[in-house]
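Good morning, colleagues, and thank you for making time for this item. Please look at the screen while I bring up the model.

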Amino acid sequence: MEFTDKHVQGLKDLLYKMADDLLILGHRNSEWTGLGPILEEDIAFSSMAQDKVGQSLAIYEILNQLGESDPDTVAFTRNANQFHCSKLVELPIGEYDFSLVRHFFYDHADAIRFEMLATTVVEPLQMVAKKFKGEIKYHTMHADVWMKQLAEGSDESKMRIQNAINETFALALGMFEPSDFEAELQEAGIFDGEFVLREKWLNKVVPLLESFGYSVPDATTTIPEFGGRKGQHTEYLQPLLDEMTEVFAIDPGADW
Amino acid sequence: MENKIKAILETVMDPEIPTLSIVDLGIVTGIISETEGQAHIKLTPTFSGCPALRIMETMVHDKLIEEGYTDVKVHTSFDVQWNSNMISDKGLAALKKHGLAPPPKHDGYFELDVLSDTPCPLCDSRNTTMSTPFGPTLCRSMHYCNNCKNAFEGFKPVG
C-alpha cells in the first residue's frame with residue numbers, strides 16, 4: 001500500500017525510539033567497562049554496548065534515507081527532550097543488580113521487537129531486524145544465565161535481584177508506551193504495535209522469572225513509567241548526553 | 001570481470017584474522033563490474049557493531065585502486081544478512097589454523113548450548129567448557145579445554 005504522511009511519521013517515530021534506546025543503553029552499558037564485578041562481566045557489558053551502538057547506527061541510517069539528518073548529527077546534537085528513549089534505559093547503571101535486571105527486561109523486549117519486525121513491509125528495517133535478531137540471542141542468553149545463577153546463589157543475591165525486579169518493573173512497562181500512530185503502523189503492515197509487543201514480552205519474561213524462583217509484580221496493577229517516548233525524561237538523560245557529546249561539542253569535525 | 005575482482009578480494013585479509021580472506025569470511029555480498037575499470041562492491045557486517053568493517057571497506061577500496069580500477073565504490077549493506085554458515089570451508093580451516101574454533105554449521109535456528117562443548121582447535125577434544133559468550137571481539141567467545149588445559153577462543157555461530 002501507498003504510505004501516507006501519517007504512516008511515514010509513525011515509522012520515523014518507531015525508528016527513533018528503537019535507535020535512541022539502543023544508543024543510550026549502549027552508552028550506559030559501556031560505563032561498566034573497567035568496573036564489572038568480574039572480568040567476564042566487564043567484557044560482556046562492553047561487548048553488548050558495542051553491539052547496541054552499532055545497531056543504533058544502522059537504524060539512524062534508515063532514518064537518514066527517510067530524510068532525517070545524518071547519524072552523527074542526530075545522535076550528537078539533540079537535547080534530552082528530543083530523544084525518544086524510554087526512561088528505563090537512561091537511568092544510571094546503579095548497582096550490578098539493577099543493570100542486570102534492566103538488561104534482562106530490555107533485551108527480551110528488543111529480541112521480540114526484532115522478531116516482529118523481521119516481517120515488516122519496510123524493507124530496510126526488515127533487513128536489519130533479521131540481522132539483529134541473530135545478534136541479540138547472545139544478549140538474552142547472557143541475561144538469562146545470570147538471572148538464574150543469582151537466584152540459585154545466596155539469599156542475598158536472590159534478594160537483591162528480587163528487589164531490583166520489583167523496583168524496575170514499572171520502568172520496564174514504560175518501554176511499551178503507545179505512540180500516536182499505533183493504528184497506522186498496524187494497518188500498513190509496518191509494526192503490530194506496542195500492545196502486542198508488551199503481551200508477547202510478558203508471556204516470555206514472567207514464566208521465565210518464575211521458573212528461576214522470583215516473583216513478578218502484577219502487570220495489570222502496575223502503573224508504567226511513561227513519558228520517555230514523548231521526550232519527557234528523568235533528570236539523568238541530559239547529563240549523559242552532555243558527557244556523550246563533549247568531544248563533538250568542542251570540535252564537531254574531530255577525527256580520531 | 002566479477003570473477004577477476006573476486007580473485008583480488010581473496011587476497012584482502014580480515015584485519016583481525018590474518019589467515020582469513022574477506023571472501024572466505026562471506027562478507028562480500030555483491031560485485032558489479034559492467035565496464036572496464038568499474039568495481040562496485042557490497043560488504044555486509046558479521047556483527048552490526050563491528051569496528052573492523054570500516055577498515056575493511058578502506059582496504060578493499062585501496063586494493064582495487066592499486067589493481068588499476070578507476071571507478072571503485074565500496075558500501076555496507078544489510079540486504080544479505082551475514083550468518084556464520086556463509087564462511088567457506090576454506091575459511092573454516094583458516095579460522096582453525098589461526099587457533100580459533102570454527103562455528104558449527106546450523107540450519108537457521110540453533111540453541112546457544114552448541115557452544116558448551118565447542119571442539120578445541122588445538123587438540124580437537126570436545127571436553128571443553130565455554131567461559132563466556134563475549135570475547136575480545138564481538139564475533140568471538142571464550143572457552144577452556146579440559147583435555148589439553150588451554151584457553152581458546154571460538155568464532156561465534158550466528159543465525
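This is a predicted model: local features need pLDDT of at least 70, side-chain atom pairs count only at pLDDT 80 or more; totals for chains, interfaces and linings use all residues.

Let us begin with chain A. How compact is chain A? The radius of gyration is 18 Å, close to the 18 Å that the globule rule gives for 256 residues, and chain A is therefore as compact as a globular protein of that length. Along the principal axes, the C-alpha atoms of chain A fill a box of roughly 55 × 45 × 30 Å. Of the 256 residues in chain A, 46% are buried. If we take the contacts in chain A with a separation of 6 or more, 74% of them join residues 24 or more positions apart.

I turn now to the contact between the two chains. Chain A contributes 21 residues and chain B contributes 16 residues. Which helices of chain A supply at least two residues each to the side that touches chain B? They are α2 (39–65), α6 (123–135) and α7 (137–151). Among these, α2 of chain A gives the most, with ten residues.

One residue of chain B deserves a separate word. B:Cys50 is placed in the loop between β4 (38–43) and α3 (52–66) of chain B. Is B:Cys50 buried or exposed? B:Cys50 is buried, because 21 other C-beta atoms lie within 10 Å, and the cut-off for a buried residue is 20 or more. Leaving aside residues up to four places away in sequence, B:Cys50 touches A:Gly54, B:Pro45 and B:Leu138. B:Leu138 is 88 residues from B:Cys50 in sequence, yet the C-alpha atoms of the two are 6.7 Å apart in space.

Finally, the domains of chain B. Chain B is divided into domain 1 (2–76) and domain 2 (99–155). Taken over C-alpha atoms, the centres of these two domains of chain B are separated by 28 Å. Six residues of domain 1 are in contact with four residues of domain 2 in chain B. On the domain 1 side of that contact, the residues divide into three nonpolar, two polar and one charged.

That concludes my presentation.

Definitions and conventions. Residues are numbered from 1 along each chain as its sequence is written. Chains are lettered from A and ligands numbered from 1 in the order in which they are written. Two residues are in contact if their C-beta atoms, placed from the backbone, lie within 7 Å. Helices (H or I, at least four residues) and strands (E, at least two) are DSSP runs, numbered from the N terminus. A residue is buried if 20 or more other C-beta atoms lie within 10 Å of its own, exposed if 12 or fewer, and partly exposed in between; C-beta atoms are placed from the backbone. Domain bounds come from an automatic or database domain assignment. Ala, Val, Leu, Ile, Met, Phe, Trp, Tyr, Cys and Pro count as nonpolar, Asp, Glu, Lys and Arg as charged, and the others, Gly among them, as polar. The radius of gyration is taken over C-alpha atoms; the globule rule is 2.2 Å times the number of residues to the power 0.38.
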